[in-house]
Amino acid sequence: MNLVEQLQQVPDYRHIRGRRHELWLVLLLILLGAMTGYWGYRPLEDFTRIHRQSLIELLNLDVTINFPSYSTFRRVLKTVDFQPFTDLIF
């Protein structure tokens with residue numbers, strides 16, 4: 001199982017009205033951004049803006065996709081339950 005498939009197994013805790021972006025995609029962008037030195041909410045937003053075309057091609061996303069804003073990254077990082085991640089790893 002690859003990383004994307006594992007992230008897709010994480011239950012989305014957010015209210016249905018608050019789901020503008022797939023949780024697996026937000027988590028993947030956080031991981032990719034952090035691994036390349038984009039620490040913080042606004043730098044993560046910069047990461048998606050700078051690498052937009054590469055991300056679309058790499059992840060086979062629709063070219064009209066809107067990537068998360070800094071506030072989405074903030075909300076997810078502040079409220080995510082990390083227990084499902086430990087269940088996936090071990």
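Predicted model: local features only at pLDDT ≥ 70, side-chain atom pairs only at ≥ 80, totals over all residues.
Residues are numbered from 1 along each chain as its sequence is written, and side-chain values use heavy atoms, with hydrogens and water left out.

Helix H2 is a handy place to start. Helices here are DSSP runs of H or I with at least four residues, numbered from the N terminus. H2 covers residues 23–35, and its axis comes within 10 Å of the axis of helix H3 (residues 41–50), crossing at roughly 95 degrees. Axes are lines fitted to C-alpha atoms, for helices over the stretch in contact, and angles run from 0 to 180 degrees between N-to-C directions. On the H2 side, the contact (heavy atoms within 4.5 Å) is made by Leu29, Ile30, Leu32, Gly33 and Ala34, and on the H3 side by Leu44, Phe47 and Thr48. These residues split into six nonpolar, two polar and no charged. In this scheme Ala, Val, Leu, Ile, Met, Phe, Trp, Tyr, Cys and Pro are nonpolar, Asp, Glu, Lys and Arg are charged, and the others, Gly among them, are polar.

H2 also meets helix H5 (residues 70–79), with the two axes coming within 11 Å and crossing at roughly 95 degrees. So H2 is roughly perpendicular to H5 as well. Here Leu23, Val26, Leu27, Leu29 and Ile30 of H2 touch Thr72, Phe73, Val76 and Leu77 of H5. That contact counts eight nonpolar residues, one polar and no charged.

Turning to charges, the whole structure holds two salt bridges, a salt bridge being a side-chain nitrogen of Lys or Arg within 4 Å of a carboxyl oxygen of Asp or Glu. One of them joins arginine 19 to aspartate 12, at 3.6 Å from N to O. Arginine 19 is partly exposed, at 37% relative accessible area, and aspartate 12 is partly exposed too, at 23%. For these labels, buried means under 20% relative accessible area, exposed over 50% and partly exposed in between, with a 1.4 Å probe and protein chains only.

Arginine 49 and aspartate 46 also form a salt bridge, with their closest N and O atoms 2.5 Å apart. Both sit in helix H3, three residues apart, which is about one turn of the helix. Arginine 49 is exposed, at 53%, while aspartate 46 is partly exposed, at 29%.

Glutamate 45, another residue of helix H3, is buried yet has no salt bridge. Its nearest side chain of opposite charge is arginine 49, 4.5 Å away; Lys and Arg count as positive, Asp and Glu as negative, and His and the chain ends are not counted. Leaving out neighbours within four places in sequence, glutamate 45 is in contact with Pro68, Ser69, Tyr70 and Phe73.

Two more residues round out the picture. Asparagine 60 lies in the loop between helix H4 (52–59) and H5, and is exposed at 70% relative accessible area. Most residues other than glycine have a negative phi. Asparagine 60, though not a glycine, has a positive phi of about 55 degrees. Glutamine 8 belongs to helix H1 (residues 3–8) and is partly exposed, at 42%. Glutamine 8 and tryptophan 39 are 31 residues apart in sequence and 23 Å apart in space, C-alpha to C-alpha.

Terms used: Helix = DSSP H or I, 4+ residues; strand = E, 2+ residues; numbered from the N terminus. Parallel < 35°, antiparallel > 145°, perpendicular 65-115°, else oblique.
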